[in-house]
Amino acid sequence: MAGTTLRKSEWERQLNSINVLKDDLNRLIMDYLVIEGYKDAADSFSKESGLKPFVDSDSILNRMIIRGAIQRGDVEDAIGRVNELDPEILDNNPLLFFHLQQQRLIELIRGGRINEALSFAAEELAPRGEEHPDLLPELERTMALLAFDLPKANGVLAAGPLAAPQHVAELLSPSQRLKTAGELNAAILASQSQGRDPKLPQLIKMLKYCEDLMGPSGPGKCEFPRLDLERPLGIGVAPSSAHTAERNGAIEGALVI
């Protein structure tokens with residue numbers, strides 16, 4: 001079946017014919033800013049739009065501080081702050097607590113504190129592995145870091161015969177800290193009866209899926225201009241300083257709606 005081609009002008013005309021309420025867009029943006037912990041952006045957007053955040057600013061600030069502690073490798077500080085906020089968060093989430101302890105072990109190994117890492121693994125993580133055998137593979141993967149060369153001071157992964165395989169080396173990547181921080185952030189939100197995930201990234205993924213269905217390789221067999229919204233918001237993209245700056249720019253751009 002022959003495909004159809006839509007000119008950009010026609011595609012934009014059809015898009016512009018769809019009526020989307022500004023209030024709905026504002027709520028979508030506020031939901032993203034609050035759940036992701038962009039306190040200053042949420043405050044600015046609240047003033048611009050007249051829409052109040054659905055949580056108080058202190059709640060957002062606490063999550064930002066806790067997430068920041070994880071992202072800079074200070075897991076102990078993050079755990080202490082979570083326990084001050086609500087001790088039941090970690091008590092009721094044994095898997096999350098294991099991942100936080102795993103992250104502590106990773107940070108000890110990253111810092112070259114090998115003896116301390118071995119003691120910590122034996123005292124804190126090994127007993128949990130015995131209680132929950134399904135956690136042993138993750139513990140073994142983390143301990144495998146000790147058998148390989150660690151990254152250099154500039155963060156470049158080691159190369160050569162003692163370089164860690166990808167599935168082990170990735171534990172030392174920034175994405176591992178982000179993953180742990182995201183899991184903890186979601187648990188805090190759940191404890192406060194809030195949504196765990198922002199709606200905006202999910203909608204963008206749905207948009208991409210629909211574009212694939214409509215595209216030349218899908219059943220729609222249609223050529224049309226696509227919207228590249230995943231990369232600016234860091235959806236499905238490995239985190240880096242460049243991507244973070246790009247995402248922040250996208251967030252700032254959203255505030256003008």
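Reader: Is Y32 buried or exposed, and what is its relative accessible area?
Author: Happy to start there; this is a predicted model, where local features need pLDDT of at least 70, side-chain atom pairs count only at pLDDT 80 or more, and totals for chains, interfaces and linings use all residues. Residues are numbered from 1 along each chain as its sequence is written, and side-chain values use heavy atoms, with hydrogens and water left out. Buried means under 20% relative accessible area, exposed over 50% and partly exposed in between, with a 1.4 Å probe and protein chains only. Y32 therefore counts as buried, at 5%.

Reader: Which residue forms an aromatic pair with Y32?
Author: Rings of Phe, Tyr and Trp (its six-membered ring) pair if their centres lie within 6.5 Å; planes under 30 degrees apart count as stacked, over 60 as edge-to-face and the rest as tilted. The count by this rule is 1 aromatic pair. Its rings are stacked, 6.2 Å centre to centre with 20° between the planes, and the partner of Y32 is Y38.

Reader: At what angle do α7 and α11 pack?
Author: Helices (H or I, at least four residues) and strands (E, at least two) are DSSP runs, numbered from the N terminus. Axes are lines fitted to C-alpha atoms, for helices over the stretch in contact, and angles run from 0 to 180 degrees between N-to-C directions. Helix α7 (residues 94-110) and helix α11 (residues 174-191) have axes 10 Å apart, and their angle is about 150°. Angles under 35 degrees count as roughly parallel, over 145 as roughly antiparallel, 65 to 115 as roughly perpendicular and the rest as oblique, so α7 is to α11 roughly antiparallel.

Reader: Which residues of α11 does α7 meet?
Author: Contact means heavy atoms within 4.5 Å. From α7 come L95, L96, H99, L100, Q103, I106, E107 and R110. On α11 they meet Q176, R177, T180, E183, L184 and A187.

Reader: How far apart are the axes of α4 and α11?
Author: Helix α4 (residues 57-71) packs on α11 at about 155°, and the two are therefore roughly antiparallel. Their axes are 8 Å apart.

Reader: How many helices and strands does the protein have?
Author: Of its 257 residues, 34% count as buried. The protein has 13 helices and 2 strands.
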